[in-house]
Amino acid sequence: MSETAAEPRPTGAGRWIAARRIKLALAIAVFEGIIVAFAKDFSSWTVIIISVPIIAFYLFAGRTLQSDTWRQVSWVLAASQAFAVLLAVIALTVKLWVLIIVGIFAVIALILIVGEKPGKSAGAKPKPSESAGDTPSKSTGQN
């Protein structure tokens with residue numbers, strides 16, 4: 001009983017935020033990504049620099065806030081910044097990612113091409129009329 005008494009009771013706003021916190025964090029990160037993509041004043045490095053104190057606040061103080069609502073808000077803000085940093089890092093390394101993905105596609109294509117047996121297309125079965133009747137008459141007509 002003392003364990004439940006030590007934890008603050010969730011409020012209506014805190015419960016509402018907790019139920020939607022991933023969606024809220026993703027929405028904020030997407031909005032932030034759009035701003036970075038179109039605003040000339042913001043770059044990926046700006047997002048990373050702004051995110052550090054917000055994530056640090058959650059790690060060192062936000063998890064221990066007495067108010068459930070503010071604890072949930074601090075989680076949403078920290079998670080949204082973590083998503084935004086992930087997007088910023090991907091944007092900074094997009095050229096490398098494109099090369100890696102193209103390389104993976106090339107390997108898959110090579111495996112599919114080398115693995116295919118000559119004269120047969122993947123998954124196609126010959127029709128009954130093509131397998132017995134048409135082939136000999138075409139070959140006799142060409143001789």
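Helix 2 passes helix 4 in a right-handed crossing. Start there, with the contact between these two helices. By class, this contact of helix 2 with helix 4 has 17 nonpolar, 5 polar and 4 charged residues. Keep in mind that this is a predicted model.

How is such a pair described? Two packed helices are described by the angle between their axes and the distance between the axes. Take the two helices one at a time. Helix 2 covers residues 12–38, and helix 4 covers residues 68–92. Their axes come within 8 Å and cross at roughly 25 degrees. Angles under 35 degrees count as roughly parallel. Helix 2 and helix 4 are therefore roughly parallel to each other.

Now step back to the whole protein. It has 6 helices and 0 strands. Read along the sequence, the pattern is α-α-α-α-α-α. The protein has 143 residues, and buried residues make up 17% of them. Next, look at contacts with a separation of 6 or more. Residues 24 or more positions apart account for 72% of those contacts.

Helix 4 has another partner, helix 3. The axes of helix 3 and helix 4 come within 8 Å and cross at roughly 150 degrees. Angles over 145 degrees count as roughly antiparallel. Helix 3 and helix 4 are therefore roughly antiparallel to each other. Helix 3 passes helix 4 in a left-handed crossing. By class, their contact has 18 nonpolar, 4 polar and 1 charged residues.

Zoom in on helix 3. It spans residues 44–60, and serine 51 lies in it. Is serine 51 buried or exposed? Buried means under 20% relative accessible area. Serine 51 has 1% relative accessibility, so it counts as buried. Which residues does serine 51 touch, leaving out those up to four places away in sequence? They are Gln81 and Val85. With glutamine 81, the link is between side chains: a polar contact of 2.8 Å joins serine 51 to it.

Isoleucine 48 lies in helix 3 too. At 18% relative accessibility, isoleucine 48 counts as buried. Again leave out residues up to four places away in sequence. Isoleucine 48 then touches Val85, Ala88, Val89 and Leu92. Take valine 89 from that list. Isoleucine 48 and valine 89 are 41 residues apart in sequence. In space, they are 8.5 Å apart, C-alpha to C-alpha.

Leucine 87 gives another distance to trace. Where is leucine 87 found? It is in helix 4. Along the chain, leucine 87 and isoleucine 48 are 39 residues apart. Their C-alpha atoms are separated by 9.9 Å. The relative accessibility of leucine 87 is 43%, so this residue counts as partly exposed.

Finish with arginine 71. Its place is in helix 4. Its relative accessibility is 18%, so arginine 71 counts as buried. What lies 2.7 Å from a polar atom of the arginine 71 side chain? It is the backbone oxygen of leucine 65.

Notes
Residues are numbered from 1 along each chain as its sequence is written. This is a predicted model: local features need pLDDT of at least 70, side-chain atom pairs count only at pLDDT 80 or more; totals for chains, interfaces and linings use all residues. Side-chain values use heavy atoms; hydrogens and water are left out. Helices (H or I, at least four residues) and strands (E, at least two) are DSSP runs, numbered from the N terminus. Buried means under 20% relative accessible area, exposed over 50%, partly exposed in between (1.4 Å probe, protein chains only). A polar contact is a pair of N or O atoms within 3.5 Å; within protein, one must be able to donate a hydrogen and the other to accept it, and residues adjacent in sequence count only if both atoms are side-chain atoms. Contact means heavy atoms within 4.5 Å. Axes are lines fitted to C-alpha atoms, for helices over the stretch in contact, and angles run from 0 to 180 degrees between N-to-C directions. Angles under 35 degrees count as roughly parallel, over 145 as roughly antiparallel, 65 to 115 as roughly perpendicular and the rest as oblique. A crossing is left-handed if the near helix is turned anticlockwise from the far one by less than a right angle, and right-handed if clockwise. Ala, Val, Leu, Ile, Met, Phe, Trp, Tyr, Cys and Pro count as nonpolar, Asp, Glu, Lys and Arg as charged, and the others, Gly among them, as polar.
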